[in-house]
Every structure is written in C-alpha cells, then in structure tokens.
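Student: I have a structure open and want to learn to read it feature by feature. Can we go through it together?

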Amino acid sequence: MTAQKTVFDEMLGAHDGLATGGSAFGAGAAPLDARGPYKAFCEWFSGEDPARLRRKAAEAEAFFRRIGITFNVYGASEADERLIPFDIVPRILSAREWARLTRGMEQRVRAINAFLYDIYHRQEILRAGIVPESLVARNDAFLPQMMGVEPPGGVYTHIVGIDLVRTGEGAFYVLEDNARTPSGVSYMLENRETMLQMFPELFSRMKVAEVSDYPTRLRRSLAASAPPACTGKPVVAILTPGIHNSAYFEHAFLADQMGAELVEGHDLRVVGGRIQMRTTQGYTPVDVLYRRVDDAYLDPLTFNPDSLLGVPGIMDVYRAGGITIANAPGTGIADDKAIYSYMPEIVRFYTGEKALLENVPTWRCSEPEGLAYALEHLSELVVKEVHGSGGYGMLVGPAASRREIADFRKKLEARPAAYIAQPTLALSTVPILARTGLAPRHVDLRPFLLVAPDKIDITPGGLTRVALKKGSLVVNSSQGGGTKDTWVLED
C-alpha cells in the first residue's frame with residue numbers, strides 16, 4: 001500500500017513523497033539538519049565506513065539465525081518458521097516524547113482495568129449507555145464465568161502491549177490495545193542486546209534508557225499480584241501451549257530470563273486446592289501463572305472440553321484465590337476492535353479526564369452509517385476483523401485489487417458486525433539501512449506495560465516494527481515486516 005500524503009519523517013521532520021520511499025542518504029552520509037533525537041546518531045553515521053555497516057548488518061542476521069529467533073506462520077505453504085528481519089538503524093525518541101507517551105499509556109491502562117472490573121461486576125458503563133450492552137453480551141471474548149470474580153489485587157491486565165502510530169511531531173495515536181497475551185518483548189530485548197554488541201561506541205556517545213532489566217521487572221510485577229493463598233516467596237511459572245506455538249521462542253526466552261519455570265498443561269494439576277507443578281521432588285504449588293494459552297483452552301472443565309493445553313479445575317482454584325492467572329481470563333474483550341472504538345468514552349467515564357492518547361478514527365460496521373461509509377470507500381480504507389490480529393483477515397483498500405475488494409465486500413455485507421474500518425494514515429517514517437544507505441520506511445511501536453496492584457511500570461522503549469518494503473504501510477512480521485531497536489534518550 002502506498003500513501004499519497006505528506007508524512008512525518010522522525011529523522012528529518014515533515015517531507016513530501018517519503019511514503020513512496022523518498023530520497024536515501026548514501027551509507028556513510030547523513031543529513032546535518034536532523035531532528036534533535038537523531039543529531040548525535042547522524043554525526044556518528046556520517047563518519048562510518050559503508051562496508052563496515054553492511055558487515056554489521058550481516059553479522060546481526062547471522063546472530064538471530066544462530067540463536068533461533070524465529071516465528072511460525074500459520075497457513076504458509078513454504079516454511080513453518082521464519083526469521084524476522086532486523087534493521088540496525090535504531091528508532092530514537094527523546095525523553096520529552098517518551099514522557100508524554102507514558103502519561104497517556106498509564107491513563108489508558110488504568111481505564112482498561114477499570115472497564116474490565118466493571119463489566120464483570122456492576123456493569124455501570126453499560127447501564128449508563130456509554131458502551132452498548134449488546135457489544136459485550138454477544139462478544140465471544142466476554143466470559144460469563146468471570147462475573148463476580150475478584151482477581152488478586154484487582155488486576156486484570158498484568159502485561160499490556162499498546163500499538164502506537166505517529167503522524168506528526170506530537171501526533172501519536174493508539175492503533176490497538178493488546179490486553180490478552182501481547183507478544184514481541186523477546187525481540188525488544190534481543191534487538192537491544194544485538195545493538196550493544198555491534199555498536200558499543202554509540203551507547204557511550206548517547207544516553208539510552210535501559211530495557212534489559214525487563215525480565216526482572218516482569219517477575220517483580222507478577223509477584224506483587226500473588227494470590228491470597230501465597231504464604232511465602234511467590235512461585236512464578238509460564239504456561240505455554242508447546243513448541244509448535246508461533247511465540248514459543250518468547251515463552252522459553254522469558255522463562256529463562258526470569259528464572260521461572262516453563263510448563264505445559266500436563267505439568268500442572270490440582271492438589272490440595274492449589275495448582276501444583278511437577279518437579280523432580282514432587283509437586284510444588286504455583287502462585288502466579290503467566291499463561292500464554294487462550295481462554296478457550298485454559299480449563300477443559302470450564303471452557304473447551306477437548307482442550308489438552310490447559311489445566312482441568314484451574315478456574316475453580318482461581319475463583320477461590322488459590323492462584324493468579326496473568327492476564328486474567330476474559331481480558332480479551334478489551335482487545336476487541338469494536339470496544340476499541342469506544343476507548344475515548346471509556347477513559348473519560350472511569351478517569352473523568354479526556355484521553356491523552358487519541359484513537360485512530362474508526363467506523364463501526366455494525367452500525368448502518370458506518371457500514372454504508374465503509375462499503376462506499378472500501379478502496380480507501382483499512383478494514384479489520386474485530387477479533388483479528390497479526391494482520392490477518394484484513395483489507396488494505398489502497399493496496400487491494402478490484403477482485404480482492406469485491407470478495408471482501410461480500411464478507412463485509414454478510415457479517416458487518418465482525419468488522420471496523422479506519423482511514424489509511426500517513427504513518428511516520430524512520431531510516432533503515434538500505435543498499436544505497438539510509439532510506440525512510442513506515443513504522444509503528446509496541447511499548448510494554450506491567451501492571452501491579454500498586455503501580456504501572458513501563459519499559460522505556462518497546463518493539464518498533466518496520467515495513468521494509470518501499471512504500472508499504474504493513475509492518476506485521478507475518479506480512480513481511482521487520483523490527484528495529486527503539487531508543488529512548490535520557491535527559
């Protein structure tokens with residue numbers, strides 16, 4: 001997809017034509033009028049040998065292949081696993097930019113947790129008519145089994161990934177809220193480790209906020225949400241569906257980095273009213289379970305009876321305060337893209353404040369006016385499934401053929417409530433190392449937030465996903481995008 005608008009280049013400022021690739025700066029050359037966050041980097045880059053930079057890029061790719069940083073692509077006819085391309089040019093944000101984003105993200109996550117508590121208890125936001133009752137009651141992600149359940153510490157979303165896009169100097173928008181099992185943090189950590197090894201001199205020149213302590217912060221945050229049944233130091237474990245899951249590398253990586261046990265459903269059982277894991281010394285109680293298994297497969301006695309991935313009886317133990325499940329069952333409704341369209345109202349309802357981070361304008365196809373607009377402008381819009389993720393099941397109008405648009409029109413007309421539509425934004429660009437040197441490409445950003453009963457901890461940075469193809473706005477790794485290290489500068 002190619003945007004036809006003036007876009008904001010985070011290294012240079014606003015320029016025309018960059019969405020289609022723009023002009024590149026030859027390797028070893030860089031603009032002298034770079035924006036503040038990029039000035040020191042550009043000074044360094046202008047003195048670099050182009051051949052050395054290309055060697056470093058090749059070394060980084062070899063490193064990722066050697067340690068096995070891959071992801072699975074479901075439905076791909078060729079390889080089951082792919083390497084996510086990594087670009088060695090960092091995406092750089094100033095301390096002031098990050099401070100503004102931090103305030104907005106904290107406000108949003110507090111509102112999401114308040115919303116989840118409310119809809120599983122008094123449902124005041126539905127009684128007030130702010131969010132339509134049907135949008136919750138008929139939502140597959142809403143779990144009636146969670147009604148009245150008190151999660152330990154009142155926390156539903158212990159780990160949140162908020163996808164942000166940028167269109168101007170101070171114009172950041174929330175593209176999606178990932179409140180179930182946000183992935184990608186392992187790439188954030190490995191990207192930084194790779195850059196530290198490749199370019200240590202850059203980190204001595206620029207004060208970059210640390211991200212490597214994320215596993216320690218994650219464990220501390222999870223332990224702070226231990227259940228009432230915990231009597232000593234909280235035992236934390238990660239529940240994985242197994243090696244065939246697309247994010248298995250991340251599950252194993254985080255367990256190793258946190259010093260937590262990596263378990264599958266068959267490693268756990270209910271013993272004495274607690275969830276206990278099998279060890280060489282027998283069964284040991286688990287206090288906090290960071291689950292990377294979907295709700296439907298979590299407990300075959302409560303949800304899908306055919307599931308072999310979960311733990312029979314875990315929901316009974318959870319309701320009784322015997323274990324913390326992170327993230328809590330039922331949080332998926334906050335991921336729903338139709339609910340997303342009400343987030344400005346949700347933020348105001350629970351905080352009494354205007355949302356500091358705006359949504360992307362959204363048409364709800366469940367409503368006659370929204371459906372009519374989407375059908376009339378399909379070739380201009382991005383249309384997404386309300387429960388979709390990873391770039392699957394969506395239409396990117398400007399990049400679609402007439403046949404693709406016609407086929408999608410039929411799906412939209414058949415199930416309008418399953419979709420929302422959004423305009424094609426002129427996403428900001430940042431430089432990548434192309435064959436000819438620095439060249440602009442579109443990006444988004446997924447920061448990771450850790451929520452404990454007493455605080456919200458935001459790692460300074462996150463996962464920057466980049467559309468490596470010239471002119472493309474699609475950054476998802478499953479759709480050919482790559483990643484880069486995200487630097488937040490310290491004042």
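**Reading the model**

Tutor: This is a predicted model.

Student: Is Pro368 buried or exposed?

Tutor: Pro368 is exposed, because its relative accessible area is 62% and the cut-off for exposed is over 50%.

Student: How far apart are Pro368 and Pro416, in sequence and in space?

Tutor: In sequence, 48 residues separate Pro368 from Pro416. In space, the C-alpha to C-alpha distance is 9.1 Å.

Student: Now sheets. What holds the strands together?

Tutor: Strands of a sheet pair through backbone hydrogen bonds, in a parallel or an antiparallel sense. Here, 4 strands make an open sheet, ordered S16-S19-S17-S18, with antiparallel pairing.

Student: Which strands stand at the edges of that sheet?

Tutor: Strand S16 (363-364) and strand S18 (395-396) do. Each has a single partner strand, so one side of each lacks a neighbour in the sheet.

Student: How many bridges join S17 to S19?

Tutor: There are 5 bridges between strand S17 (residues 381-385) and strand S19 (residues 419-423), and the two run antiparallel.

Student: How do S10 and S11 pair?

Tutor: S10 pairs with strand S11 (residues 274-279) in the antiparallel sense, over 4 bridges. Val270 has Ile275 in S11 as its bridge partner, and Arg269 stands opposite Gln276 in S11.

Student: Which residue of that hairpin takes a positive phi?

Tutor: Gly272 does, with phi near 60°. The hairpin of S10 and S11 has 2 residues between its strands.

Student: What backbone values should I expect elsewhere?

Tutor: Most residues other than glycine have a negative phi, and most peptide bonds are trans. Then look for departures. Gln123 is not a glycine, yet has a positive phi of about 60°. Gln123 sits in the loop between H3 and helix H4 (124-127).

Student: Where is there a cis peptide bond?

Tutor: The bond from Ala326 to Asn327 is cis, with omega near -5°. Asn327 belongs to the loop between strand S14 (324-326) and helix H11 (337-340).

Student: Next, helices. How do I find a face?

Tutor: An α-helix has 3.6 residues a turn, so residues three or four places apart point the same way. Take helix H14: Ile405, Phe408 and Leu412 are buried there. Viewed down the axis of H14, the buried residues fall within an arc of 70°, so they line one face of the helix.

Student: Which exposed residues does the face of H14 turned away from the buried side carry?

Tutor: That face of H14 carries Arg403, Lys410 and Ala414. The buried residues of H14 pack against H13, S17, S18 and S19.

Student: What span should H14 have?

Tutor: Helix H14 (residues 402-414) has 13 residues, so at 1.5 Å a residue it should span 18 Å. Its end C-alpha atoms are 19 Å apart, which agrees.

Student: Which residues of H8 are buried?

Tutor: In helix H8 (residues 214-223), they are Tyr214, Pro215, Arg217, Leu218, Ser221 and Leu222. Seen down the axis of H8, these fall within an arc of 160°, so they line one face of the helix.

Student: What does Ser94 touch, beyond residues up to four places away in sequence?

Tutor: Ser94 touches Pro37, Val488 and Leu489. Ser94 lies in the loop between strand S5 (86-93) and helix H3 (95-119). Its relative accessibility is 19%, so Ser94 counts as buried, the cut-off being under 20%.

Student: Last, cysteines. How many disulfides does a search of the whole structure find?

Tutor: The search finds 0 disulfides. As for burial, Cys42 counts as buried at 4% relative accessibility. Cys230 is buried as well, with a relative accessible area of 17%.

Conventions:
Residues are numbered from 1 along each chain as its sequence is written. This is a predicted model: local features need pLDDT of at least 70, side-chain atom pairs count only at pLDDT 80 or more; totals for chains, interfaces and linings use all residues. Side-chain values use heavy atoms; hydrogens and water are left out. Two strands pair if DSSP finds at least two bridges between them. Buried means under 20% relative accessible area, exposed over 50%, partly exposed in between (1.4 Å probe, protein chains only). The expected span of a helix is 1.5 Å times one less than its number of residues. The arc is that of the directions from the helix axis to the C-beta atoms. Contact means heavy atoms within 4.5 Å. A disulfide is a pair of cysteine sulfur atoms within 2.5 Å.
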